[in-house]
Amino acid sequence: MSDIALPTARIALVGNPNSGKTALFNALTGSRQKVANYAGVTVERKEGQVATPNGRSLSVLDLPGTYSLRARSPDEVVTRDAVLGKLAGETPPDVLVCVADATNLRLVLRLILELKAVGRPMVLALNMYDIAQRQGLRIDLDGLAREIGCPIVTTVATRKRGIEDLVAQVEALIEAGGLNADNTWREPDAGQIRDAHREAQRILKAHVRAPERPDTFTGKVDGVLLHPVAGLLILLTLLFVMFQAVFTWSKAAGDLMTDGFTAVGVFVAAHLPPGMLTSFLTDGVISGVGSVIVFLPQILVLFFFIILLEDFGYMARAAFLMDRIMGGAGLHGRAFIPLLSSFACAIPGIMATRVIDNKRDRLTTIMVAPLMTCSARIPVYTLIISAFIPNRSVLGVLNLPGLVMFGLYATGILSALGVSFITRRLFWRGAVEPFLMELPAYKLPDPVNVLRSLYIRGKIFITRAGTIIFPMMILVWFLSSFPGAPAGATDPAINYSLAGRIGHFLAPVLAPIGFNWQMTVALIPGFAAREVAVAALGTVYAIGNADAAPGALATTLQHNWSIATGLAFLAWYVFAPQCASTIGVVKRETNSWLWPAVMLVYMTSLAYLAALIVYQVARACGLG
Amino acid sequence: MLADPGKDAASADAAAVRLSAARPGDKGVIVDVRAESHPGDHGVDVSELQRRLLEFGFVEGARIEVLHEGAIWRDPIAVRLDDMRIGLRRRDAEDVWVQLDPR
């Protein structure tokens, strides 16, 4: 440590996607990183700190990956503006670190030429240098450094090699101080891009010799994974294994958390005097937040697979294989991952739509994501199926309740495709964005990086979902608790509350779809989260502990509902936007109340229509 | 998919084909990257599509080989472009003209 405290310097990491930029960021900053959003846009801002041996503190910004400063997506706009020093609310970086995959230099050389025009001091980090060496790729580092006019450091981010060297070079540039030159960057036209490629080609030819042992592994693996038939089968198998894992691996942890939250609620209820505060804590805060946090294990398992496949290089292939299938419904190939996540919970799914460049493609994906059968629907489906669907086999091998469950999932998927198709046809005519995607070379995922990414994903879910869910839970609790039951009341307290009144008021509207007033009342607290409807039905039918022992509730429902009503309730739950948190996340991700409102209206209309058809048809078939 | 005969005079003389019509195993050199097919049909205008193609390395002189194609309507296609692999839709590849190597 020096005696005089040196001022903090800012560095920004720029580079192509798949250059190992995030791994380098992790290697530089370790656990000292913070994930937030850039002011006013839903682009993830990752910043970390690193201390130099001289005692200087560096603040490192990991900018979204890009092929060019000519920004095409909100992410790339952030990168461009940050590099140019024009990003609102951000101090311009003192030094740029351009991160390049040493085995794939062609495109990054063109980006470097653009970055040079900006005139900021820059270091080139040739990452994955070990792979380049293994392939026998010869890079004339001195010549290349002279040619592009900036120092070069070779790094292996996953093994933390070259990091000290990089920090030293950055510090040397900071000490040299100031801008190298004025910013002469202008958006290039087609001719200038061609010229830049020619220049990049010349530099490559002069200083890089083709690998002696080029990567043949990727080609061989692609031969199988991108095979038109085998590739799709492997993708489906992978999805199947993922879902099995999501529901089986996380079951124990999820159950443990549910029990934990219940125990905390019971503990609080036992140690505080009964009253509004206790009710607020147990029914509002603890059970409300608990009902969403219990999905954390599932989300972590799902993200574990997604991160693993992403780091391996498979996700670009999955998007490739799914593009035509999704494209038929007007969705972008990249919508595949967000929609996949939505099977666990629509909230991380909607947050994951940030990878989609085009605004309309992204909005369409956000709008249909909640139609994917999220795991919060499962308790509701299980309850109704166990009450109304006889457990018998079909065609000898299939089991009827299982078949109904499958049908509910399939209906969700098909309606998501249908809604997106219709949206594209009626409202947003015009084609989907071009699909142009690099298929990166396969790489073995680094366990430390996978765990770190997983930790960051989990933290983001808890903080973002938590801040949105909390106020929603309080609102729903307020509606279900105020005003309290009058003295000598015989019905459950919820009947006298605002939720009860709204339910009674809405009952005539929902009568044509076969819902009685008890169901309508239960739907109001059910807005907190879908599975809360199970507990709410328990409350209105005055059955204690409906969550833990659904058998009693199922029997009660059998006596009180017709089969047609049960089926209509299932149909309602396929479509209804019964999740305040999802609405909150849509508001946050679209920065407007318009889209959550549209979602609320269209999903409720679909739910009503579906329940109406199911109820009336079932009655006509004599199930009323 | 049909080429406009008037505009193709330069490419029609040699064995240049649109990348959108190439099949796995086809390889050659990119001879032209244009901005003309199906304006308004790509979600972005044709000159923007052209710039994106150029930025990804679809430039005149680049070596290209079609590696794979999708199961539905043989779309999208995966190509090796110099030393990279890229996936793209056939409709976005129409303005890339490739001089195929003799088989």
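Two strands pair if DSSP finds at least two bridges between them. Helices (H or I, at least four residues) and strands (E, at least two) are DSSP runs, numbered from the N terminus. The model is predicted: local features need pLDDT of at least 70, side-chain atom pairs count only at pLDDT 80 or more, and totals for chains, interfaces and linings use all residues. Residues are numbered from 1 along each chain as its sequence is written, while chains are lettered from A and ligands numbered from 1 in the order in which they are written.

Begin with E1 (residues 9-15) of chain A. Five bridges join E1(A) to E4(A) (residues 57-62), and the two run parallel. Arg10(A) has Ser59(A) as its bridge partner in E4(A).

Now widen the view. Chain A has an open sheet of seven strands, in the order E2-E3-E4-E1-E5-E6-E8, with mixed pairing. E2 (33-37) and E8 (152-154) of chain A stand at the edges; each has a single partner strand, so one side of each is left without a neighbour in the sheet. From one strand to the next, the twist averages 25°.

Next, the contact between the chains. Contact means that the C-beta atoms of two residues, placed from the backbone, lie within 7 Å. Chain A gives 31 residues and chain B gives 34 residues. On the chain A side, H3, H7 (190-207), H12 (314-327) and E12 (436-438) each supply at least two residues. H12(A) provides the largest share, six residues.

Strands also cross between the chains. Three bridges join E12(A) to E5(B) (residues 84-88), which run antiparallel. Leu436(A) has Leu88(B) as its bridge partner in E5(B).

How values were computed
Axes are lines fitted to C-alpha atoms, for helices over the stretch in contact, and angles run from 0 to 180 degrees between N-to-C directions.
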